Amino acid sequence: MIKNAFNAYGDATRGLFRNWRALLVLSVLYAALLATIYVFFRTGVANVWQLSVSAATFVLAPLLFFVLQAALAHQAQGEVGAGAMLGRALRDLLKVLLIALPLAALAVLCIYLLNKLEAYLPKPGEAALTTSFVPHPQGPPPVPLRWQDVLISSLWMIVLGFVLPLLAARLWLSVARDGLKATLKGAHRVAAQALAPRSVVVYAVGLLVFGFMPYFVIFK
C-alpha cells in the first residue's frame, strides 16, 4: 500500500508538470496566499491605513485559500487548461465555502470536547510534581510519560491532523466533480472514501514527506 501511495504521488506530479500553465496558476495563488498572510501579521494597527490593510488581508487570505483548494480539486480531476481551472475554481468558490462551514463547526466542537476531556482526566499528584524539582546528582530527571498526555496528544493528532483534513479534501474533490447538491446527498459515502485505508496511507505519506520532514529540517 505504501508503494501505491508513492505511485499516486508520482502520477499526480507528472500530470501537474505536463500542464505547466496550471502549475503556474497554482504557484501564483499559493504565493499570493503566503504574501497575504505575511502582510496581515506584519501590518500594525496604529492608524486607519494599517487597520484597512489588516481588514483587507483578513478577508482576502481565506478567499485565496479556498480558491486554491477549489483549483487543486479541479486539477486533480484531470489535465484541464489553466484558464478553465481558474474559472471553475472561482465559480465553485461559494460551494467550497459552504461545504467548509460544517467542517469548521465540527472542528470547533472537537476542540471543545478535547479540552473538556483534558480537564476531566486526573492530574498528577502533588508528590510527583514536587519530586521533579528535587536536585539530582546527574542533572534533572526526565519528565515521566503520562498516559493522559499520550491519549490527548493522540486524539488531537488523529482528529485535527488526519480525520478533518481528509474529510475536507474529499468533500472539495466531490464538489468539484459532482457539485454541491450531490456531495451533500452522498456525504456519508464521501466520508467513507476519505477514511478508507488507501486514502489514509496516501495522506500519511504526504504528511510525512511534505510536513514532518521539512519541519524537522528547518527547526531541528
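L117 is found in helix α5, where helices (H or I, at least four residues) and strands (E, at least two) are DSSP runs numbered from the N terminus. The model is a predicted one, in which local features need pLDDT of at least 70 and side-chain atom pairs count only at pLDDT 80 or more, while totals for chains, interfaces and linings use all residues. Residues are numbered from 1 along each chain as its sequence is written, and side-chain values use heavy atoms, with hydrogens and water left out.

With 27% relative accessibility, L117 counts as partly exposed; buried means under 20% relative accessible area, exposed means over 50%, and partly exposed lies in between (1.4 Å probe, protein chains only). Apart from its neighbours within four places in sequence, L117 is in contact with I152 and L155, contact meaning heavy atoms within 4.5 Å. I152 is 35 residues from L117 in sequence, and their C-alpha atoms are 8.0 Å apart in space.

The chain as a whole has 10 helices and zero strands, and its pattern along the sequence reads α-α-α-α-α-α-α-α-α-α. Of the 220 residues in the chain, 29% are buried. The accessible surface comes to about 14,600 Å², and 73% of that surface belongs to carbon and sulfur atoms; the areas come from the Shrake-Rupley method with a 1.4 Å probe, and for residues only the protein chains shown count as cover. Among contacts between residues at least 6 apart in sequence, 74% join residues at least 24 apart.

A22 lies in helix α2, which covers residues 20-42. Its relative accessibility is 0%, so A22 counts as buried.

Helix α5 also takes part in a helix pair. Two packed helices are described by the angle between their axes and the distance between the axes. Helix α3 (residues 48-77) and helix α5 (residues 93-120) pack at an angle of about 105 degrees, with 9 Å between their axes. The axes are lines fitted to C-alpha atoms, for helices over the stretch in contact, and the angles run from 0 to 180 degrees between N-to-C directions. α3 and α5 are therefore roughly perpendicular to each other; angles under 35 degrees count as roughly parallel, over 145 as roughly antiparallel, 65 to 115 as roughly perpendicular and the rest as oblique. Which residues meet between α3 and α5? From α3 they are L63, F66, V67 and A70, and from α5 they are L93, V96, L97 and A100.

Next come the charged pairs. Side chains of opposite charge can pair when their charged atoms come close. The structure holds three salt bridges, each being a side-chain nitrogen of Lys or Arg within 4 Å of a carboxyl oxygen of Asp or Glu. R91 and D92 meet through their side chains at 3.2 Å, N to O. D92 also forms a salt bridge with K95, the closest N and O atoms being 3.6 Å apart.

The salt bridge between R177 and D178 has its closest N and O atoms 3.3 Å apart. R177 is partly exposed, with 45% relative accessibility, and D178 is partly exposed as well, at 42%.

Is S174 buried or exposed? S174 is buried, with a relative accessible area of 3%. Leaving aside neighbours within four places in sequence, the contacts of S174 are G179, T183 and V190.

M157, L208, V209, F210, F212, M213, Y215, F216, V217, I218 and F219 form a nonpolar patch with about 1,200 Å² of accessible area together. Patches are made of residues with over 30% relative accessible area and no salt bridge, where like charges are joined within 9 Å and nonpolar side chains (Val, Leu, Ile, Met, Phe, Trp, Tyr) within 5 Å. Helix α10 (residues 197-219) gives the largest share of the patch, 10 residues. I218 is placed in α10, and with a relative accessible area of 63% I218 is exposed.
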